[in-house]
Amino acid sequence: MRFIAALLAILIFAGCGSQRASNHAIDESRPSPRSAKPRDALPPPPSKPPFVNGSNAFAADLWAVLRNTPGNLAVSPASITIALAMTFNGARGETAEEIKRVLHFHDPEQAVHSAGETIQGWNVSNGLIVLRSTNVFFGQYDYTFEKRFLDTTEHTFGAPLELMDFKNEPEKARQRINIWGAKATNYRFSEFIPAGNIDSNTRLVLVNAIYFKARWRSQFDETKTKHLPFHLTTSQKKDVPMMVQSSDFLFAQRQGARAIEMLYEDPNTSMLFILPDSNDGLSTLEQSLTSDELDRWAEAMAPRFSRVILPKFGIGSQSPLMLRDKLQQLGMRVAFDRNTADFAGMAKPKDLTERVHIGNIFHNAFVKVDEEGTEAAAIGGTSLNAYGGGDDEFKADHPFMFVLRD
């Protein structure tokens with residue numbers, strides 16, 4: 001099994017006549033050196049494009065309002081950022097200002113251009129990695145959209161317009177969108193828009209899907225995988241398959257936690273695992289999470305021969321995350337208000353009841369990690385025992401977080 005990340009973000013826009021209110025891991029888009037040489041022997045990492053800077057800052061903000069979600073949680077802020085960047089392109093006035101602040105788009109024009117370049121760079125299939133980001137714009141067939149918005153969504157984001165009949169056949173439209181999403185993620189999701197969330201007031205749906213598949217550069221030997229205790233809480237533990245290998249990895253230790261970076265066969269991708277020293281340290285670690293803090297972890301990495309013990313795991317939510325309330329907590333409020341949302345950059349209907357606002361935002365992610373690689377988007381866990389290994393051992397037998405990095 002290879003590493004696979006399957007990620008979806010869906011924005012549903014309704015006309016103003018609608019009466020419907022509508023263990024942990026994240027991914028980080030950060031250019032990083034791909035070598036097991038000492039960090040001071042490497043040239044400085046390339047400066048991050050505006051889209052990447054914004055996406056990583058948004059990731060930390062989003063995690064702050066999601067981290068108390070019960071159980072394991074998979075989320076891709078990059079996928080959500082792309083969907084919201086397409087939305088921003090059609091927003092005006094205070095609606096646009098709020099989205100800009102939430103996404104940390106300090107120079108919006110550069111950020112949108114940077115998003116398009118990032119998406120193009122993510123469409124790779126070279127024998128070492130499969131990475132693709134796919135966007136689509138489903139629109140009501142008799143609704144008049146602004147030409148500039150259509151041109152940007154298609155040419156910058158690669159999101160062609162597909163015509164639908166939401167007014168008369170909302171359920172048929174929902175099923176068609178779900179079929180598209182299933183194909184885009186290699187059938188990791190089949191029902192990412194639940195029944196009842198597309199209705200006759202829907203006018204457009206923007207979707208981003210990301211799919212990632214790769215193998216570890218240094219793979220685990222399946223014959224060495226054994227069932228060992230993983231500590232769920234201070235009083236609960238469960239035997240799970242634990243993978244073991246000893247090799248050269250990039251390693252860092254700082255502020256009550258240690259981290260290890262495992263590379264994939266493609267030299268530009270890796271997974272960063274961060275493990276608190278104490279059994280109950282995950283919450284404290286999460287509270288300190290910022291984009292700059294993730295950068296500091298990456299910059300602290302140095303090569304070290306280490307024994308790594310990781311659980312073999314698979315995580316995928318049974319139902320999508322609904323992000324409306326979370327984004328409102330972050331300050332994006334006007335876009336959801338049917339009376340004040342301004343998406344005149346998308347469409348300027350004469351009938352005011354046809355003006356659109358965001359009905360809801362859905363997000364789904366899938367993660368699987370095994371001996372050869374991963375199938376995933378994000379993950380987390382819980383634990384009991386304090387770190388019990390030696391200085392050269394990274395034993396993830398209690399709650400940790402990981403970051404899938406480009």
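Is Tyr-264 buried or exposed, and what is its relative accessible area? Tyr-264 is buried, with a relative accessible area of 0%. Here buried means under 20% relative accessible area and exposed over 50%, with partly exposed in between (1.4 Å probe, protein chains only).

The model is predicted: local features need pLDDT of at least 70, side-chain atom pairs count only at pLDDT 80 or more, and totals for chains, interfaces and linings use all residues. Residues are numbered from 1 along each chain as its sequence is written, and side-chain values use heavy atoms, with hydrogens and water left out.

Helix H2 spans residues 77–88. Its 12 residues reach 16 Å from first C-alpha to last. This is close to the 16 Å expected at 1.5 Å a residue, where the expected span is 1.5 Å times one less than the number of residues. In H2, 12 of the 12 residues are buried, so the helix is largely enclosed by the rest of the structure. Among them are Pro-77, Ile-80, Leu-84, Met-86 and Phe-88.

Strand S7 (residues 202–214) is also mostly covered, with 12 of its 13 residues buried. S7 runs antiparallel to strand S5 (residues 129–140), and 11 bridges join the two. Strands count as paired if DSSP finds at least two bridges between them. Across this pairing, Arg-132 stands opposite Tyr-211 of S7.

Aromatic contacts were assigned by ring geometry. Rings of Phe, Tyr and Trp (its six-membered ring) pair if their centres lie within 6.5 Å; planes under 30 degrees apart count as stacked, over 60 as edge-to-face and the rest as tilted. The count comes to 12 aromatic pairs. One of these, Phe-212 with Tyr-264, is edge-to-face, at 5.6 Å centre to centre and 70° between the planes. Phe-212 lies in S7 and Tyr-264 in the loop between strands S10 (257–263) and S11 (270–276), so the pair ties together parts that are 52 residues apart in sequence. Phe-212 is buried, with a relative accessible area of 3%.

The ring centres of Phe-273 and Phe-400 are 6.1 Å apart and the planes stand at 55°, so this pair is tilted. Phe-273 lies in S11 and Phe-400 in the loop between strands S17 (393–395) and S18 (401–405), so the contact ties together parts 127 residues apart in sequence. Both Phe-273 and Phe-400 are buried.

Methods:
Helix = DSSP H or I, 4+ residues; strand = E, 2+ residues; numbered from the N terminus.
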